[in-house]
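This report describes the pockets of one protein and the packing of selected helix pairs.

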Amino acid sequence: MPTLRTASSFWPAAPMPPIPKTGATPSGGSLGGAGAAARASRHARTLAHALDRPVTPGNRVEVLIDGPATYEAMFAAIDAARDHINIESYIVEADGPGDELARRLIAKRRQGVKVNLLYDGFGSVRTSAQYFEQLRRAGVELCEYNPLSPLKNTLSRALHLRDHRKLLIVDGRVAFTGGINISSVYSAPSSATAGRRASEESEWRDTHVRVEGPVVATLQRLFLDHWCGQTHGAAQRARYFPQLRAVGEHHVGVAACDAGRRRNPFYRALLRAIATAEQRIWVTVAYFVPTRRLLRALCAAARRGVDVRLVLPGISDSWAAMHAGRAHYGRLLRAGVRIYERHDALLHAKTTVIDGVWSTVGSSNLDWRSFLHNAEANVVVLDAGFADALEKVFQRDLQCSTEVQLSDWRGRGWKAKSLEWLAARFEFLL
């Protein structure tokens, strides 16, 4: 069973709500070894075909819940670095964990550790130049993805092409990925765990993972290819690809895409996993603006008896994305998909668990922006124990959410319908 970390002593935390009792079958050993193995084998074949490569065995993946636990694990890995640190993040802020990150990176540079930091020009546009300059002076190699300052980028299609990945690779041996940026909004546990009512300024509820094992080399290659593509040169010399031995039992695939590419391995893998599903599809996502093909796949799964549930935000930092997604609720509810909204925390997690064996955590939302415009990275884990841990997180979110009933949805007011209609006109850009 994988470890599941919540907020710890790095920031004060309140305990998460207890896991509710539901009618769903847990996805751990209680499923029966043969049944889980058969489902995992079937999903492994489907995933390998979607990614055009076999999944990598011998890994250990740990679930990290919310910012405090994630930063604590990331900073511990950074402090233990001996050769190099590679970081890629959509948002890098100067305040909160960003300040702590800078202090630790500068300390590691003084010890001779190589540091490469790749950040998105749009996502980090509010971060002061002084923040990055102090890192540069300390010897940290910096790369800004698609800077906004040059006129040619600001007025071109490049404005829509963003680096939305969140990657940290330390010494080529341990990696982190998921939905958490380097941002002060994560400086405390999510509102539900702290007993507060959420607002647009609330800390965000999110999920990340820590990865060890042979698949770290794939994530390392992903970072280095992106770095070289943006800098038009090789990264500074370091021991990026040490020999990696098996450290666990998780089979892991990496589903990543470059910005602006029509071919999206994660989208393809997700659609095929949904089509293969026999028992349940549990999705938690921050921005749900589905394509027609994804809508059809979810509805078809629900109609054939699969337990399809979506936990979506009831408040959001993007009103347009939230209402564009709500424009599709009616069709989903009529097909038998169950939809829940969280109103007590700002939901930013991006996870899916299918049949208790197929799980994904990463940066990809289920929207047009992730499928077409952004560079994204997800890990897909084939393991019943890991799926069980992620399903328990889903159940906690479910307990904190309100189910959307079709009868109530049909009776919503004209204002809500107008916002949905307006947002849906621009869903290709969301």
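Helix H12 (368-373) and strand S20 (374-382) each contribute at least two residues to the lining of the largest pocket. The model is a predicted one.

**Pockets**

The largest pocket holds about 1,200 Å³ of space. Its lining comprises 35 residues, and those nearest the centre of the pocket are Tyr90, Ile91, Phe122, Tyr287 and Asp317. By class, the lining of the largest pocket is made up of 13 nonpolar, 13 polar and nine charged residues.

For the second largest pocket, the volume is about 610 Å³. There are 22 residues in the lining of this pocket, and Arg165, Leu222, Ala256, Cys257 and Asp258 are the closest to its centre. Two or more lining residues come from each of helix H7 (216-231), strand S11 (250-257) and helix H8 (265-276). H7 is the element that gives the most to the lining of the second largest pocket, supplying six residues. Nine nonpolar, four polar and nine charged residues form the lining of the second largest pocket.

**Helix packing**

Two packed helices are described by the angle between their axes and the distance between the axes.

| Helix pair | Axes come within | Crossing angle |
|---|---|---|
| H8 and H9 (residues 292-303) | 9 Å | roughly 20° |
| H10 (residues 319-326) and H15 (residues 414-424) | 7 Å | roughly 100° |
| H3 (residues 97-110) and H4 (residues 129-137) | 9 Å | roughly 15° |

Helix H8, which also supplies residues to the lining of the second largest pocket, packs against H9 with axes that cross at roughly 20°. H8 and H9 are therefore roughly parallel to each other, as angles under 35 degrees count as such. Their crossing is left-handed. In this contact, Tyr267, Leu270, Leu271 and Ile274 of H8 meet Arg293, Leu294, Ala297, Leu298 and Ala301 of H9. The contact of H8 with H9 has eight nonpolar residues, no polar ones and one charged residue.

How are H3 and H4 oriented to each other? The axes of H3 and H4 cross at roughly 15°, and the two helices are therefore roughly parallel to each other. The crossing of H3 and H4 is left-handed. On the H3 side, Gly98, Asp99, Leu101, Ala102, Leu105 and Ile106 take part, and they meet Tyr131, Gln134 and Leu135 of H4. Six nonpolar, two polar and one charged residues make up the contact of H3 with H4.

The remaining pair in the table is H10 with H15, whose axes cross at roughly 100°. An angle from 65 to 115 degrees counts as roughly perpendicular, and H10 and H15 are therefore roughly perpendicular to each other. The contact joins Trp319, Ala320, His323, Ala324 and Arg326 of H10 to Leu419, Glu420, Leu422, Ala423 and Ala424 of H15. Seven nonpolar, one polar and two charged residues belong to the contact of H10 with H15.

Notes: Residues numbered from 1 in each chain as written. Predicted model: local features only at pLDDT ≥ 70, side-chain atom pairs only at ≥ 80, totals over all residues. Heavy atoms only, no water. 1 Å grid on protein atoms, 1.4 Å probe; cavity = no way out; pocket = protein on both sides within 12 Å on 5 of 7 lines; lining within 4 Å. Points joined across faces, edges and corners; volume = space filled by probe spheres on them. Helix = DSSP H or I, 4+ residues; strand = E, 2+ residues; numbered from the N terminus. Nonpolar A, V, L, I, M, F, W, Y, C, P; charged D, E, K, R; others polar. Axes fitted to C-alpha atoms, helices over the stretch in contact; angles between N-to-C directions. Parallel < 35°, antiparallel > 145°, perpendicular 65-115°, else oblique. Left-handed = near helix turned anticlockwise from the far one by under 90°. Contact = heavy atoms within 4.5 Å.
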